[in-house]
Amino acid sequence: MTPSAPDGPVAKGRSRRNFAGARPVMADVARMAGVSKQTVSRVLNDHPAVRPETREAVSQAMRTLGYRPSRSARSLASGRTRMLGVISFDAARYGPASILTAINTAAQEAGYLVSSIALDTADRATVVEAVNRLSAEGADGVIAIAPQLWVGRSLAETTDLGTPLVVLESPLDDGTPLVTGDSRTGARKATEHLLTLGHTTVWHVAGPAGWTSADLRLTSWRATLRAAGAAVPDPLVGDWSADSGYDLGRRLARRPEVTAVFASNDQMALGLLHALHESGRSVPGDVSVVGYDDIPEAAHFLPPLTTVRTDFAEIGTRSLRLLLDRIDGPGRHPRADTLVPVDLVTRASSGPPPLR
């Protein structure tokens, strides 16, 4: 026979199971605390309209019973699934992979699960299918890691679903908030660093056209050279891989006038270092090299690579916080683009130009 619910303080010595021997549920907590299930729901969701003594009684009942609210219970109480969606492209690269790890960590700390979809292509149909799938799963919000401009355009056509959205890298034109590293400043710092060392100009191994970060770095590199009154060489375009850096590096190594190169990512800089070494051009004695991203291996290149450090973990964490703000207060937050600062990390791969 089920005992009656206590009227005052929580009874001590209760079992951590309900009276049928099953795992405790919300009704058991309500019964032990002498409140309604609705009040328990309010405590679970930190509702302000709960008296402190009632909140303490419910909390004590949960501790005594060993009650852990299920995700479905929280969803029913709050109207949310406590699940977030992430769409990523080129997820094997260091930057997107690091961002995704940071999002997962921050989401877990906030009590959310993450459902991730990694896409190989970025055509409109594929992007729409991914967004529809996450919406069907009940995602409370979506973060899109969209490094290419056409991904942003595809996302812009899917934002009428009513699901809060935050985009990384490619800005949309509909007010969707953007979080990204400050590529313009990073490229300027890298180029100015080489010019300050005495190089008359800086060559550039660019990332592929249509990638937002590659385009911004190329534009900033060119503008920095023009502002300094330096010649602007034709950029060489790679595909982010060390292989492409190596192939382009072989071409640069054959040009004796090349004394400084800024590569748009560290993998291409690695290939460039390989090509220069193989061609008998010393770094930094003959050619200085600066990369971008500061991947963990950059400090162990030969020579250790001067590069621009991007805090990918901060990008992921900020995007998660921004999405949760939009979920908690829909319609109350104006567009709030976030540029995450970058730093130049000086190592042995850059130095003064050779004496002529």
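**Salt bridges and the core**

Modeller: Let me begin with D28, which forms a salt bridge with R31, their closest N and O atoms lying 2.5 Å apart; the term means a side-chain nitrogen of Lys or Arg within 4 Å of a carboxyl oxygen of Asp or Glu. Before going on, please note that this is a predicted model, where local features need pLDDT of at least 70 and side-chain atom pairs count only at pLDDT 80 or more, while totals for chains, interfaces and linings use all residues. Residues are numbered from 1 along each chain as its sequence is written, and side-chain values use heavy atoms, leaving out hydrogens and water.

Back to that pair: D28 and R31 are about one helical turn apart because they sit three residues from each other in helix 1 (residues 26–33). Helices (H or I, at least four residues) and strands (E, at least two) are DSSP runs, numbered from the N terminus. D28 counts as buried, with 6% relative accessibility, whereas R31 is partly exposed at 29%. Here buried means under 20% relative accessible area, exposed over 50%, and partly exposed in between (1.4 Å probe, protein chains only).

The structure holds eight salt bridges. Another of them joins R51 to E53, with the closest N and O atoms 3.8 Å apart; R51 is exposed at 56% relative accessibility, and E53 is partly exposed at 48%.

Next comes the salt bridge between the side chains of R347 and D294, at 3.1 Å from N to O. This pair links distant parts of the chain, 53 residues apart: R347 lies in the segment after strand 12 (342–345), and D294 in the loop between strand 9 (288–293) and strand 10 (306–310). D294 is buried, at 11% relative accessibility. Through salt bridges that share partners, D294, R309 and R347 form one network.

Now for the core. The largest nonpolar core has 24 residues, of which V205, L252, V261, L276, V289 and L305 touch the most other members. Such a core is a set of buried Ala, Val, Leu, Ile, Met, Phe, Trp, Tyr and Cys residues joined through side-chain atoms within 4.5 Å. At least two of its residues come from each of strand 6 (203–206), helix 10 (242–253), strand 8 (260–263) and helix 11 (266–278). Helix 11 gives the most, with five residues.

Leaving aside residues up to four places away in sequence, V289 touches V261, A269, L272, L273, L276, V283, L305, T306, S349 and S350, where contact means heavy atoms within 4.5 Å.
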